[in-house]
Amino acid sequence: MYLHTQQNNYFEVLYKRYVSKVYNRCLSLTKDSSKAEDYTHDIFIRVYGNLGKFKEHSAFSTWLYSISYNYCMDQIRSANRTMTVSLDDEHEHTFVDSADHEILESQLQQLASVMHTITAEETRMLQLKYEDGLDIRAIAQQFALKDSAVKMRLKRTRDKIRRLYSEQYS
């Protein structure tokens, strides 16, 4: 809606909807609440200035999280040229000073297409865990499952996404 009308109150709605998720993303990457708060404000300033560049090739949240991730990583890289960041419980990736935003955007679009192939329940469980930041117990209560069942479903879903992604794009 904002893209078509350019009304500030629509941007305020976007801000209210996503500010805590962006902050949590920044906090998970920086492990520093004051940096996360500063980065969150900087990210929304960038988003406001670049809304016209949003092409709607992916969901707005995907675009916003990409900007959030890239901004945080740029800030971290400028402080340390090489850093290891844990992306999930099982895998670590080393990022070096070679950020290519076009490649990342392409990868995010590919991942988004893979995400459309998993079930609604799998998608919801991933959203609760990684976007909303709920712990395993809270997710288990929402789905009326045991903690171990949620852990296993999350693991299987992550494995499924990795497999589908590598089958389609490797």
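**Before the views.** Buried stands for under 20% relative accessible area, exposed for over 50%, and partly exposed for what lies in between (1.4 Å probe, protein chains only). Helices (H or I, at least four residues) and strands (E, at least two) are DSSP runs, numbered from the N terminus. This is a predicted model, where local features need pLDDT of at least 70 and side-chain atom pairs count only at pLDDT 80 or more, while totals for chains, interfaces and linings use all residues. Residues are numbered from 1 along each chain as its sequence is written, and side-chain values use heavy atoms, with hydrogens and water left out.

**View 1. The protein chain holds 8 helices and 2 strands.** Of the 170 residues in the protein chain, 29% are buried. Take the contacts (heavy atoms within 4.5 Å) with a separation of 6 or more: 53% of them join residues 24 or more positions apart. The accessible surface, worked out by the Shrake-Rupley method with a 1.4 Å probe, is about 10700 Å², and carbon and sulfur atoms own 49% of that surface.

**View 2. Helix 7 spans residues 136-143 and has I136, I139 and A140 as buried residues.** Seen down the helix axis, these buried residues fall within an arc of 100 degrees, so they line one face of helix 7. The arc is taken from the directions that run from the helix axis to the C-beta atoms. The buried residues of helix 7 pack against helix 6 (120-131) and helix 8 (147-169). Now turn to the face away from the buried side, and you will find the exposed residues R137, Q141 and Q142. Just after helix 7 comes A144, with a positive phi of about 55 degrees.

**View 3. R137 and D147 form a salt bridge.** The term means a side-chain nitrogen of Lys or Arg within 4 Å of a carboxyl oxygen of Asp or Glu. In this pair the closest N and O atoms are 3.3 Å apart. R137 is exposed at 52% relative accessibility, and D147 is partly exposed at 26%.

**View 4. E121 forms a salt bridge with R153.** This is one of 7 salt bridges in the structure, and its closest N and O atoms lie 3.0 Å apart. With E121 in helix 6 and R153 in helix 8, the pair ties together parts that are 32 residues apart in sequence. Both ends are partly exposed: E121 has a relative accessibility of 39%, and R153 has 33%.

**View 5. K155, D159 and R162 are linked in a network of salt bridges.** The K155 and D159 side chains meet at 2.7 Å, N to O. Both of these residues lie in helix 8, 4 residues apart, which is about one turn of the helix. K155 is partly exposed at 33%, as is D159 at 29%.

**View 6. T123 sits in helix 6.** This residue is partly exposed, with a relative accessible area of 22%. Its C-alpha is 8.6 Å from that of T157, although T123 and T157 are 34 residues apart in sequence. Setting aside neighbours within four places in sequence, T123 is in contact with M115 and I118.
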